[in-house]
2 protein chains.
Amino acid sequence: MKIPVMEVFGPTIQGEGMVVGQKTMFVRTAGCDYSCSWCDSSFTWDGTGKSVSKRPPEIIEELKAIGGQLFSHVTISGGNPALHKGIGELVDLCHAEGWKVGVETQASFWQDWLLNIDDITLSPKPPSSGMITDFSKLDRFLEKLADANASLKIVIFDEDDFKFAEEVHLRYPTVPFFLQTGNDDITTTDDAFLVPKLLHRYEWLIELAVNSPVMNDAKVLPQLHALVWGNKRGV
Amino acid sequence: MKIPVMEVFGPTIQGEGMVVGQKTMFVRTAGCDYSCSWCDSSFTWDGTGKSVSKRPPEIIEELKAIGGQLFSHVTISGGNPALHKGIGELVDLCHAEGWKVGVETQASFWQDWLLNIDDITLSPKPPSSGMITDFSKLDRFLEKLADANASLKIVIFDEDDFKFAEEVHLRYPTVPFFLQTGNDDITTTDDAFLVPKLLHRYEWLIELAVNSPVMNDAKVLPQLHALVWGNKRGV
Ligand code: SF4
Ligand code: SF4
């Protein structure tokens, strides 16, 4: 079953979430059922980017052609990769090569292949995105993933987002929980201007987390790739 | 048994290693059996700082007085905390409060209380430190910690350090492995100058890791606290 692929790149590092810093290849799929106001990957769904439909064995060959012997972890991102049933075969083929596989999804669509993923980041979207989380759906998602290596990650742009994050963390207290700063300037190419802004925002988020007893066991992270490479794509 | 305490502070976030981003309190102990050329905590052992000997229950009270209800994780750092047998009681008291405990040590001294630590970072020092790692000691350390939640972290200043890191990772391939940038300017108070330098160094380290097949399952991280707070202490 074919998968619409937007880009394959790496090796680089995972800049976010539960395996932050991990050396990895990226496969970015096209298409999203959401349209977050601040989406930093909108080229995957708004018509400005071009995807190519590929069979999983072709994607494996492309990963090998680009990454050679220099990786053992593949991150499937999007868009929302969970729209694509064909990823199940891709995951199996990666595992046959001895590679681990990570995925990030907003948890709006279930796929059985999620059960085979090595690190799963579920990222329900906070109010500033303009999206609404269906919590009964998220409940079922997390029930199914009870024995999986799954985490929750909430991107925070404002205090309402932080309140939303508190609710999510209180609802699923045993799921590893990550707070992440958002990037509200996804077009600038001036890193000397972007970096202090992102770090200031990170300091603000740390301050919120530090003062919230609900967040005592949370992890608070910036987006490392944005600090290093700004808004450049494909790194 | 008393522990020489340099400072107690927090809550803040852990800026490094296996629980990077974790909200935590810090207890910094005095004394180190090493004297790394680039030590960023030399006030713990070079006579420029002042420690106070405290019984573990006193330290618990101090943590509560400073952190209130705003934490559930305590990081014991140094110096080398593993010099102090008394930390065993402190760890037990933290656990009795329901707090988790993390420790970082260069793995030159063993203490049985290490078996009770929730996250252990072992940081053998690379050549640029001027210190020599006793690998037979490190072997025994890691054997004893086989069932613990332990990781290895190597700070990298130059390519020789990176070669040392490759040797360490190859010697203990199943232990979660972290590469970390060093800070070679531990006195500047000019963050506008420090941050781009640290990020440049991080990009350099990512590049080394990306091009090393030995590092395929490594995680590469900066020091987040240095990016946010520069060389300021007690944050
Ligand atoms: S869910 Fe992710 S990819 Fe989809 S619109 Fe939101 S931020 Fe963009
Ligand atoms: S082991 Fe750590 S505390 Fe001791 S001298 Fe080296 S860097 Fe400093």
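The model is predicted.

The interface draws on both chains. Chain B contributes 34 residues to the contact, and chain A contributes 34 residues. The area buried between chain B and chain A is about 2,800 Å². Carbon and sulfur atoms give 64% of this area. In chain B, the residues that lose the most area to chain A are B:Lys23, B:Val210 and B:Asn216. Together these three account for 21% of what the chain B side buries.

Polar pairing across the interface was examined next. Between chain B and chain A, 20 residue pairs are in polar contact, with both residues at pLDDT 80 or more. Salt bridges across the interface of chain B and chain A number 0.

Several elements of chain B supply at least two residues each to the side that touches chain A. These are strand E1 (3-13), helix H5 (191-210), strand E9 (219-221) and helix H6 (224-229). H5(B) gives the most, with 7 residues. By residue class, the side of chain B that touches chain A divides into 22 nonpolar, 8 polar and 4 charged residues.

Chain B holds an open sheet of 9 strands with mixed pairing. The strand order is E3-E1-E2-E4-E5-E6-E7-E8-E9. Strand E3 (52-54) and E9 of chain B form the edges, and each pairs on one side only. From one strand to the next, the twist averages 30°. Within this sheet, strand E6 (residues 119-122) of chain B pairs with strand E7 (residues 150-156) of chain B in the parallel sense. The pairing runs over 3 bridges. In this pair, B:Ile120 stands opposite B:Ala150 of E7(B).

A helix from the other chain packs on the chain B sheet. Helix H5 (residues 191-210) of chain A touches E1 and strand E2 (23-29) of chain B. The direction of H5(A) makes about 105° with that of E1(B). H5(A) also lies across strand E7 (150-156), strand E8 (177-181) and E9 of chain A. There, H5(A) runs at about 145° to E8(A). Within chain B, helix H4 (residues 159-171) lies across E7 and strand E8 (177-181). H4(B) runs at about 165° to E7(B).

Chain A also has an open sheet of 9 strands. Its order is E3-E1-E2-E4-E5-E6-E7-E8-E9, and the pairing is mixed. The edge strands of chain A are strand E3 (52-54) and strand E9 (219-221), each pairing on one side only. Neighbouring strands of this sheet are turned by 30° against each other on average, direction ignored. E5(A) pairs with E6(A) in the parallel sense over 4 bridges. A:Thr105 has A:Leu122, in E6(A), as bridge partner.

In chain B, a cis peptide bond joins B:Gly10 and B:Pro11, with omega about -5°. B:Pro11 sits in strand E1 of chain B, one of the elements that supply residues to the side touching chain A. The peptide bond from B:Gly78 to B:Gly79 is also cis, with omega near 10°. B:Gly79 lies in the loop between strand E4 (73-77) and helix H2 (87-96) of chain B. In chain A, A:Ala107 has a positive phi of about 70°, although this residue is not a glycine. A:Ala107 falls in the loop between strand E5 (100-105) and strand E6 (119-122) of chain A.

Methods: Residues are numbered from 1 along each chain as its sequence is written. Chains are lettered from A and ligands numbered from 1 in the order in which they are written. This is a predicted model: local features need pLDDT of at least 70, side-chain atom pairs count only at pLDDT 80 or more; totals for chains, interfaces and linings use all residues. Side-chain values use heavy atoms; hydrogens and water are left out. Contact means heavy atoms within 4.5 Å. Buried area is the accessible area (1.4 Å probe) that two parts lose on being put together, summed over both. A salt bridge is a side-chain nitrogen of Lys or Arg within 4 Å of a carboxyl oxygen of Asp or Glu. A polar contact is a pair of N or O atoms within 3.5 Å; within protein, one must be able to donate a hydrogen and the other to accept it, and residues adjacent in sequence count only if both atoms are side-chain atoms. Ala, Val, Leu, Ile, Met, Phe, Trp, Tyr, Cys and Pro count as nonpolar, Asp, Glu, Lys and Arg as charged, and the others, Gly among them, as polar. Two strands pair if DSSP finds at least two bridges between them. Axes are lines fitted to C-alpha atoms, for helices over the stretch in contact, and angles run from 0 to 180 degrees between N-to-C directions.
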